[in-house]
Amino acid sequence: MDWLEEELRRALARKEPEPGFTARVSARSRAGGRGALSRRWLATAASVLVLAGSGAGYRWYQGVRAKEQVMAAVRIAGGKLNQVQNRVLEVAK
Amino acid sequence: MKTVVKLLLLAVAAQLPAQQIQFNLDHLAGKASNTVDVSLNGTMLQFAAKFLDGKDSEEAQVKKLLEGITGIYVKSYEFKTEGAWAPADLDRVRDQLRAPQWARIIDINSTEDRQTTQVYVRSENQKMTGLAILVSEPKELTVVNIVGNVDLNSLAELGGHFGIPKVETPPQKK
Amino acid sequence: MMPVARAEQPVADFDALVREHQAMVFSLAYHVLHDRALAEEVGQEVFLNLHRNLATLQSAAHVLFWLRQATIRRAIDETRRRRRQPQVELEKVAEPAIGPAERDPMLSETLRRLIAVLPEDARAVMVMRYQEDLDPSEIAELLEMPLATVKSHLHRSLAVLREKLVRRGLGDR
């Protein structure tokens with residue numbers, strides 16, 4: 001085992017969660033698994049807005065979704081282009 | 001575990017502008033373990049740009065990048081096994097990139113990880129009007145088409161820095 | 001060794017299972033996500049799933065295998081859902097902005113950050129290897145990945161990490 005592997009073991013050593021973790025899990029299991037706020041609120045909020053006939057609210061939801069798509073697309077395209085750039089630079093060395 | 005992120009908001013137009021490629025890859029979604037599908041025309045991009053935060057450095061860079069762009073289309077599929085996509089799937093895309101205005105500027109074939117990457121640029125009257133990136137691996141297929149004038153350096157730079165956590169430099173000892 | 005847990009056994013036993021494995025579950029999630037709050041949430045969900053599936057688990061070893069597999073899958077799913085970190089090729093992982101060798105105390109954090117931006121499969125393999133000390137064949141079984149692929153991920157990830165650190169003057173040992 002070389003130095004890097006030893007450092008990786010050290011860096012990735014197990015860590016305890018915040019105190020009270022077991023109590024929080026127990027509480028949720030007794031409550032039937034409910035209790036944590038769903039992080040997927042956006043779709044739910046959108047449904048509510050549409051049903052309530054709130055045009056402006058739904059338009060906001062569309063805008064946020066469109067922004068997420070733009071960021072996803074730029075990440076993918078930019079990531080691939082960056083890989084290409086690095087490979088070209090490596091070959092040129 | 002199958003995850004599908006279908007982000008399509010816009011119906012496909014009956015006739016696509018020349019800079020926009022027809023992907024014909026939707027049949028792969030059913031076989032993919034992970035799909036990203038983005039289709040944003042100029043109107044949607046302008047709309048989305050309003051929601052980009054100018055105070056966030058990444059979003060501000062993206063907002064600037066969007067200034068010359070009138071369409072972004074991405075299809076990216078990951079598969080659990082090899083053989084899910086066929087060479088013909090990519091050939092149909094490449095055939096559209098044989099048009100005179102398109103030029104292939106990058107063609108990288110890595111035998112080590114069996115990845116092929118091709119980048120095409122479309123020009124008209126000495127101005128860039130489109131970009132296409134095709135990346136294929138045994139278990140992944142990604143096709144990107146951007147319509148408009150793309151700042152390639154900015155796009156590549158964004159791709160290299162997205163989400164990379166910054167390491168805090170400790171204060172200098174005096 | 002923990003006795004086998006069954007759903008019909010008292011709740012106290014489930015709590016004991018949580019206490020025994022919470023560090024492992026939390027750490028797997030944290031090292032994949034590099035986000036304590038998300039890691040806690042993933043950890044809670046994994047244990048809730050354990051509670052629902054206890055009757056199907058046949059031994060303490062089975063519980064451990066199940067927890068490792070469930071946690072890594074859930075954490076990777078969360079990564080894909082958020083896509084906050086790009087799927088970067090190993091070679092293009094940016095070098096952290098830290099200085100010369102006397103900054104060694106930060107090496108662990110640097111390594112954790114570099115691991116957290118590896119491609120998902122490579123990340124899962126590295127975390128299983130160096131947090132859980134599993135050998136490649138155990139990792140292959142857990143992640144349902146060919147052994148050759150596991151070894152390739154290990155080899156490439158170590159090579160890239162080594163190169164990144166040496167370039168910053170942190171690798172001359």
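This is a predicted model: local features need pLDDT of at least 70, side-chain atom pairs count only at pLDDT 80 or more; totals for chains, interfaces and linings use all residues.
**Chain A with chain C**

Let us start with the contact between chains A and C, where 29 residues of chain A meet 36 residues of chain C. On the chain A side, helices H1 (3–11), H2 (21–30) and H4 (55–92) each contribute at least two residues. H1(A) gives the largest share, with eight residues. By residue class, this side of chain A holds 10 nonpolar, eight polar and 11 charged residues.

**Chain A with chain B**

Turning to chain B, 33 of its residues are in contact with 21 residues of chain A. Helix H4 of chain B (residues 152–161) supplies the largest share of the chain B side, six residues. That side is made up of 27 nonpolar, five polar and one charged residue.

Here are the two described sides, laid out by class:

| Chain B, touching chain A | 27 residues | five residues | one residue |

**A look at Ile106(B)**

Ile106(B) sits in strand S4 of chain B, which spans residues 102–110. Ile106(B) counts as partly exposed because it has 16 C-beta neighbours inside 10 Å, while a buried residue would need 20 or more. Beyond its neighbours within four places in sequence, Ile106(B) is in contact with Val84(A), and also with Thr117(B), Gln118(B) and Val119(B). For Thr117(B), 11 residues away along the chain, the C-alpha separation from Ile106(B) is 7.4 Å.

Notes
Residues are numbered from 1 along each chain as its sequence is written. Chains are lettered from A and ligands numbered from 1 in the order in which they are written. Two residues are in contact if their C-beta atoms, placed from the backbone, lie within 7 Å. Helices (H or I, at least four residues) and strands (E, at least two) are DSSP runs, numbered from the N terminus. Ala, Val, Leu, Ile, Met, Phe, Trp, Tyr, Cys and Pro count as nonpolar, Asp, Glu, Lys and Arg as charged, and the others, Gly among them, as polar. A residue is buried if 20 or more other C-beta atoms lie within 10 Å of its own, exposed if 12 or fewer, and partly exposed in between; C-beta atoms are placed from the backbone.
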